[in-house]
Amino acid sequence: MRTTLVAAALVGALTLALTGCVESGRTDSSRSTGPAVACPVPVDETFTGSVRIGYQDIPNGDLIVKDTGLLDTCLPNGTFTWSKFSSGADVIQAFGANSLDIGLLGSAALARALSAPLRQNLRAIWIHDVIGTAESLVAKDPAITSVAGLRGKRIAVPFASTAHYSLLAALSAAGIDKDVRLVNLTPDAILGAWKGDQIDAAFIWEPTLSQLLTDGHVVTSAAATAQGGKPTYDLAGARADFVSANPEFLAVWTAVQDWAVGQINGAPAEAAAHIAAQLGVPVDAVRKQLAGYSYPGARAQAGPEYLGGQLGEDLRGTAEFLLGQGEVQGVAGPEVYSGASYSDAARVSVK
C-alpha cells in the first residue's frame with residue numbers, strides 16, 4: 001500500500017487555509033439576475049415536495065440549472081435547497097447523515113460509497129460531465145516532467161475524489177505509489193499550501209487548477225488516465241429511497257439538466273455566462289474550463305455507453321482498483337454497481 005503522510009508541521013501550517021475554505025453543506029441561494037428561462041418541459045404543479053441538493057463549484061450543467069432557477073420554474077410548488085460542498089467525501093458524509101437527497105460527487109467517490117465499509121444505498125441518476133484535462137496533476141519544479149519524477153514528493157489531493165482516483169492510477173502506472181507523500185486537502189487549502197511551498201504537486205480541478213498553473217505545469221491529467229482504462233465522471237448521486245419515491249420529479253430534474261447540457265454544447269457563450277455568475281469568475285475563464293470536460297446529453301446517457309450499461313462496469317472497476325490501493329475494505333457484488341446506475345429518467349427525457 002502506498003505511503004500517506006501528513007507531517008504535524010504541515011497540518012499546523014495549513015490551519016488558517018483550512019478554516020478559510022467554504023464550509024461544507026453551507027446553503028447558498030445565490031441566483032443570476034439575468035432574464036428568466038422558460039421551462040423546457042410542461043410545468044408540473046403537482047409536485048409539492050422538498051428536495052435538498054448538493055452542488056460543487058465545477059463548471060457543468062448543475063450550475064446552469066441553479067443559476068436559471070429552472071427547478072422553481074418547472075416545479076413551482078416544490079421547495080429546493082441548494083448547498084455547496086467542497087468534495088465528494090463531504091457529499092458522502094451528508095448522504096450518510098440523511099441530510100441530502102441529490103448531490104454532485106465523482107465516480108470514485110460513488111464507487112467508494114457503494115463498497116465496504118460504507119455500503120451506502122445510492123444511485124447515479126445523471127452524468128454531469130466526463131472528466132478530461134480539467135483535472136490534472138500539476139508540479140511546481142520545472143525539472144519534474146513525468147509522474148516518475150515525483151518520487152519522494154508531497155502531493156496534495158482531496159481524498160475520495162475523482163482526482164484522488166486518477167492520481168493513484170497515475171502513481172501506480174509509474175511504479176511510485178509507495179514512494180510519495182499524499183496530503184488530503186480541499187481545493188482552497190491546496191492553493192494556500194502551494195503558495196506557501198508546503199507541497200510539491202497537486203492533482204486538482206478547476207478553478208484551482210488554473211491558479212496553480214500560473215507558476216506550475218501539467219505532468220499528466222485525467223484524460224491520460226482515462227486512456228489507460230480508468231475514466232472518471234462527475235455524477236449526480238441520490239439516495240435509493242428518494243429515487244424510488246420520486247420518479248416524476250426525477251424526470252423533470254433530468255430534463256432541465258439535459259437542457260443545460262444542450263446549452264453548453266450548443267450555446268457555449270450563454271452557458272458560460274450562467275456558470276460564471278455562480279463561480280464569480282470571468283466568462284472567458286469558464287469557456288476555457290469547459291474545454292476540459294465533455295458533456296453527454298440524455299440520449300447518450302440512456303444508452304449502453306453511460307447510465308444504460310458501461311457506468312456500472314466502470315464503478316466496479318474503480319472499486320476493485322481502490323481495494324488494491326487499500327482505499328476500501330471490500331468490493332460488493334457486480335449487481336451492486338450495475339444496480340446503482342439509474343437510467344429511467346434519461347430514457348423518459350428522450351421520448
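Where is the place of Arg119? Select Arg119: its place is in the loop between H6 and E5. This is a predicted model, in which local features need pLDDT of at least 70, side-chain atom pairs count only at pLDDT 80 or more, and totals for chains, interfaces and linings use all residues. Residues are numbered from 1 along each chain as its sequence is written, and side-chain values use heavy atoms, with hydrogens and water left out.

Stay on Arg119. Its phi is positive, about 50°, although Arg119 is not a glycine. Arg119 counts as exposed, at 52% relative accessibility. Exposed means over 50% relative accessible area, buried under 20%, and partly exposed in between (1.4 Å probe, protein chains only).

Next, select Ala116 and Pro117. The peptide bond from Ala116 to Pro117 is cis, with omega near 10°. Pro117 has its place in the loop between helix H6 (107-114) and strand E5 (122-131). Helices (H or I, at least four residues) and strands (E, at least two) are DSSP runs, numbered from the N terminus.

Now go to Asn98, in the loop between helix H5 (88-96) and strand E4 (102-106). Asn98 is a residue other than glycine with a positive phi, near 60°. The relative accessible area of Asn98 is 45%, which makes this residue partly exposed.

For the last stop, select Glu206 and Pro207. The peptide bond from Glu206 to Pro207 is cis, and omega is near 5°. Pro207 lies in the loop between strand E9 (201-205) and helix H9 (208-212).
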